[in-house]
Amino acid sequence: DPSNNTWSFINGNGTDGFYGTLKTWNSSNHPPARMLASSGIDNQAGVFYLFGGGRRLDNTTICRNDLWTYNLWSREWIWVDGSSTENDAGSRDDSDSVPSARWGASSIFMGGKLYIFGGYSPNNGGLPGHLNDLWTFDGAWDWINGSDTTDDVGDYGTKGVSIGSNNPPSRCNAATLGTSDGHSMWIFGGSISINGQKSYFNDLWKYDTQLDVWTWMGGSDQLNQPNNYGIMGQVSSQNVLSGRESAVGLALYDQVYIFGGTSGP
């Protein structure tokens, strides 16, 4: 509560969850414990969305593809979609689409839809790896674009030029930002493991929700780029952020703000 700077424990038990019945409220419902889950909030409806995430068990990555909603007014969890079992492979069947289990996916709610991009999956149609698929949920899942395979190299195209073949390379833990008009989603950075070595992106992408097209807006198409801070407070085309993951950010009228993150060597 920001009015008195206090926290309140709402629900959950820290470990095991309770799914109950799909799309049915029960006072006992709550998601299992997890990390690197994706989320979004519908401010008008007062609904918080939680998707995926996972845990490490005996050096093995275990992920989920369950989708939950939490009503901020009634304080009710509902299991909305996805599987109650771990490492579900998902489906791209038009009649029953659902993303594969994953963690570290970028996410945002805007324009009445939840957007999910990329992440790492231990079982994407039977294959482990990083993803660059884009999904929306507005009562049902819809695979919008990106590859159905793991570790896709994407297609940068030309910086600043919007074209249908553009697509960011596969990654996880990218920063996600959305504009208030609901027409643009931005992603920055993220990471991918190549031959067991983690590498970091510093590219900036914009997705136009009306035109269904990605545009490479800034940064490099090469991994592990260093910083060039320039002079504090002065804009320069030579300024650049280093490759990094888990940064946070904000987009305001096509102005993008990025803070922090974990950077590579």
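This is a short chat about a predicted model.

Q: Which residues and pLDDT values count here?
A: In this predicted model, local features need pLDDT of at least 70, side-chain atom pairs count only at pLDDT 80 or more, and totals for chains, interfaces and linings use all residues. Residues are numbered from 1 along each chain as its sequence is written, and side-chain values use heavy atoms, with hydrogens and water left out.

Q: How many disulfides?
A: The count is zero, a disulfide being a pair of cysteine sulfur atoms within 2.5 Å.

Q: What about Cys-63, where is its nearest cysteine sulfur?
A: On Cys-172, 9.7 Å away. Cys-172 is in no disulfide either.

Q: Is Cys-63 buried or exposed?
A: Cys-63 counts as buried because its relative accessibility is 0%; buried means under 20% relative accessible area, exposed over 50%, partly exposed in between (1.4 Å probe, protein chains only).

Q: And Cys-172, buried or exposed?
A: Buried, with a relative accessible area of 6%.

Q: Switching to the sheet: what is the order of the four strands?
A: The open sheet runs β7-β8-β9-β10 with antiparallel pairing. Strands are DSSP runs of E, at least two residues, numbered from the N terminus, and two of them pair if DSSP finds at least two bridges between them.

Q: Which strands stand at the edges?
A: β7 (106–110) and β10 (141–145); each has a single partner strand, so one side of each lacks a neighbour in the sheet.

Q: How many bridges join β8 to β9?
A: Eight, between residues 113–124 and residues 127–137. Phe-117 has Leu-134 in β9 as its bridge partner.
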